[in-house]
Amino acid sequence: VLFFQIVHILNMTSAKIVSFLLHPEESLHSLQNRIEFETGISTGNQELLLETGICLDPRKPASQCVIDGVRGWDSYMVYLFDKSKTVYDGPFASRSLSDCVNYIVQDSKIQLPIPQLRKVWAEAVHYVIGLKEDYSRLFQGQRAAMLSLLRYNANLIKMKNNMVSASQQLKAKLEFFQQSIRLDLERYSDQMAYGISSEKMLKAWKEMEEKASQCAQAEDIGYLDEQIMALHTEIVELQKSPYARRQGEVMESLEQRAIDLYKQLKTRPPDHAYSDSTDMVKIIVQTVQSQDRVLKELFGHLSKLLGCKQKIIDLLPEIEVALNNIKEADNSVMQMQGKRQREIWHLLKIACTQSSSRSLVSSSLEGTASAPAATWPPQSSSGNAAPHPLSSLAAPEDGENFADVIRENVNYLELFSSILQEVRQEQNCMMVS
């Protein structure tokens, strides 16, 4: 068994209701095509809101319009807005009068028999009640627009908080990076005369300093913050506005007066008496005038709500761009920080290697200077003639020590040569990087 549901669409641009019978499996897109045919509002410009301010989800079927347990299975109101316009200024004509009610409005003093007058006044009361209900439905549509605005505003606040947090983090990282690189450049300049130097690396560090200054532009979100704060103020004022609350008290009072007047007529005996409709027509005219006034106020307030919502819609992409710029700047700063730290550790490695090579050279030179003195025999103190060259050769054990020193010096020389070659290679790599 297929159950069909009825959905009523209140077109807020014309204040008219169109009703549709929903098939259980009908898609929202299908319903929107039908709405476009009836209202002339294209599917792309349709915004369909529930009373809660929630926009209908295009991924879900059209039956999402009907919420079980709220209004029953066969009737529910959805509010249609045209996204291409933010000013709803009417004019909105009141509902049409029936022929018999129009008859007494044209001539309120005409005398009618009581039985006939009861029927005419019953329709008149129904008309007055209808005017009040028309306003109530339009007010619910305005309220749905306000709730939708507040949802957009909540999303705006969330994105703003993310943007401010990211901006503050970037600012802190930039301050740390800029202070660090200034100190590094000062220390680097101090040691250039007697330490390690690389023009290419020095140029890269100065370029990092300039790039960091450019990254600081991404943290400037003041212009967006001002716009967001202005929007918050505007939304608060709209919430405080008296037009944000129901203004139908006068119409409700007129409705009650019309009902009471009809009850008084019912108590009169159905004899051959006649009566005019002056009092009832006054109520009808006052109700129409009251509705005109409150609808003008309602749609003026609604236009402000929709204008404010459009400002948020326009602002969200700008915040998204600012967030992306901050993230890119943040990544750039962290990459520069990492690159500089790797270069500092590279410099430290070269400095340690050079220090180590100097120590090895120094110890090897000391060894070669002391070895001949220790192994070469001293001159005779007797002043006799020098011995035979063969007789002046070192003893066997002394000859062994001398050979060991020579081998050790050769080893040191080879090690020193390899260290110098490694240092040159590392310096070349550093200058290329």
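Predicted model: local features only at pLDDT ≥ 70, side-chain atom pairs only at ≥ 80, totals over all residues.
Me: What share of the 433 residues is buried?
Reply: A residue is buried under 20% relative accessible area, exposed over 50% and partly exposed in between (1.4 Å probe, protein chains only). Among the 433 residues of the protein, the buried share is 37%.

Me: Which residues of α1 are buried, and on which side or sides of the helix do they lie?
Reply: Helix α1 comprises residues 28-39 and reaches 16 Å from its first C-alpha to its last, close to the 16 Å expected; the expected span is 1.5 Å times one less than the number of residues. The buried residues of α1 are Leu 28, Leu 31, Gln 32 and Ile 35. They cover an arc (of the directions from the helix axis to the C-beta atoms) of only 100 degrees, which puts them on the same side of α1.

Me: Which residues of α6 are buried?
Reply: Helix α6 (residues 249-267) has 19 residues, which should span 27 Å, and its end C-alpha atoms are 28 Å apart, which agrees. Its buried residues are Met 251, Leu 254, Glu 255, Ala 258, Leu 261 and Leu 265. Those buried residues fall within an arc of 125 degrees, so they line one face of α6.

Me: What is the phi of Ala 15?
Reply: Most residues other than glycine have a negative phi. Ala 15 lies in the loop between β1 and β2, and at 27% relative accessibility it counts as partly exposed. Although Ala 15 is not a glycine, its phi is positive, at about 65 degrees.

Me: With which residues is Ser 94 in contact, leaving aside its neighbours within four places in sequence?
Reply: Ser 94 is placed in the loop between β4 and α2 (99-106) and counts as partly exposed, at 25% relative accessibility. Ser 94 and Leu 131 are 37 residues apart in sequence, and their C-alpha atoms are 7.3 Å apart. Contact requires heavy atoms within 4.5 Å; with those neighbours set aside, Ser 94 is in contact with Tyr 127, Leu 131, Val 288, Gln 291 and Asp 292.

Me: What share of contacts between residues at least 6 apart in sequence joins residues at least 24 apart?
Reply: The count takes contacts in the protein between residues at least 6 apart in sequence. Of these, the share joining residues at least 24 apart is 80%.

Terms used: Residues numbered from 1 in each chain as written. Heavy atoms only, no water. Helix = DSSP H or I, 4+ residues; strand = E, 2+ residues; numbered from the N terminus.
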